[in-house]
Amino acid sequence: MVRALLPSLSGRADLSDVDLIILAHWLPDIHLGTSVTNFALHALDLPEGLGFAISDCGPAAPLLALHCIERYLKGPKKKALLMVMDQKHLLYRSEVVRAIDPVNSASLVSIEQDAQAGLRYCGYRRHHTVAPAELSDIVHAMATDFGLVPHSSTLIAPPEIAETLSWHGPVLIQNKRLLCSAPFAVLAEHGQCETDYLVLVPDQSSLTGVGLSTRREVTS
């Protein structure tokens, strides 16, 4: 998947000076995550780049990766590549995977510190043991923490979250079969540079969210 997607992204973004590559995935990979990031570092000829993988936190792995990237891109570190990938084939039976019926999916995201265009990361929150009655209050508190305005910001969430919220702004539904790539597929298909986004990913009783904004002054 990296071999197939890198040329496409390289045609739209300069990846020659990437400082960090993170692979985020949910389902276990039969190859070590570092082998995938090492392949990307080699393909982009980045001998000084850092690469590692994030998993073991469910479908919210790429949201945690965005948080790690924001913390890493300080000082001379300017650019990162987020690779989000999942494969449907496992070496064992899983009722979770059977229920979701996933497809092989992948997304690549180029992230640049102090970029003057595009969406900007503006915060990460993870809440544990979220009761259904608390959901709307927690989501609106997230939006406020990120500096987003619920009435005008777009919510990106799976149907079981979107259908239970009193969200008055636009709503875009994630396709859970795409696993970790689900919110990025929505952004790729429907994303607009004039809109702020609140991205939500539930995992059992936990809820993880990130804010993405077009405004340059937002902080995490």
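Among contacts in the chain between residues at least 6 apart in sequence, 71% join residues at least 24 apart. Contact here means heavy atoms within 4.5 Å.

This is a predicted model, in which local features need pLDDT of at least 70 and side-chain atom pairs count only at pLDDT 80 or more, while totals for chains, interfaces and linings use all residues. Residues are numbered from 1 along each chain as its sequence is written, and side-chain values use heavy atoms, with hydrogens and water left out.

**The chain as a whole**

The chain has 7 helices and 9 strands. Its radius of gyration is 17 Å, close to the 17 Å from the globule rule for 220 residues, so the chain is as compact as a globular protein of that length. That radius is taken over C-alpha atoms, and the rule is 2.2 Å times the number of residues to the power 0.38. The C-alpha trace spans about 50 × 45 × 25 Å along its principal axes. Of the 220 residues, 47% count as buried. Buried means under 20% relative accessible area, exposed over 50%, and partly exposed in between (1.4 Å probe, protein chains only).

Helices (H or I, at least four residues) and strands (E, at least two) are DSSP runs, numbered from the N terminus.

| Residue | Location | Relative accessibility |
|---|---|---|
| Ile173 | strand β7 (residues 171-173) | 44% |
| Ala131 | loop between β5 (120-127) and α5 (135-145) | 31% |

Ile173 and Ala131 are 42 residues apart in sequence and 21 Å apart in space, C-alpha to C-alpha. Ile173 touches Ala157, Pro158, Pro159, Ala162 and Val186, leaving aside residues up to four places away in sequence. Ala131 is 71 residues from Ala60 in sequence, and 18 Å from Ala60 in space, C-alpha to C-alpha.

**The second largest pocket**

The second largest pocket holds about 460 Å³ of space. Its lining has 24 residues, and the closest to its centre are Trp26, Pro59, Ile100, Pro202 and Asp203. The lining divides into 18 nonpolar, 3 polar and 3 charged residues.

A pocket is an open set of points on a 1 Å grid over the protein atoms alone, where a 1.4 Å probe fits, with protein on both sides within 12 Å along at least five of seven lines; lining residues have an atom within 4 Å of a point. The volume is the space filled by probe spheres set on the points. Asp, Glu, Lys and Arg count as charged, Ala, Val, Leu, Ile, Met, Phe, Trp, Tyr, Cys and Pro as nonpolar, and the others as polar.
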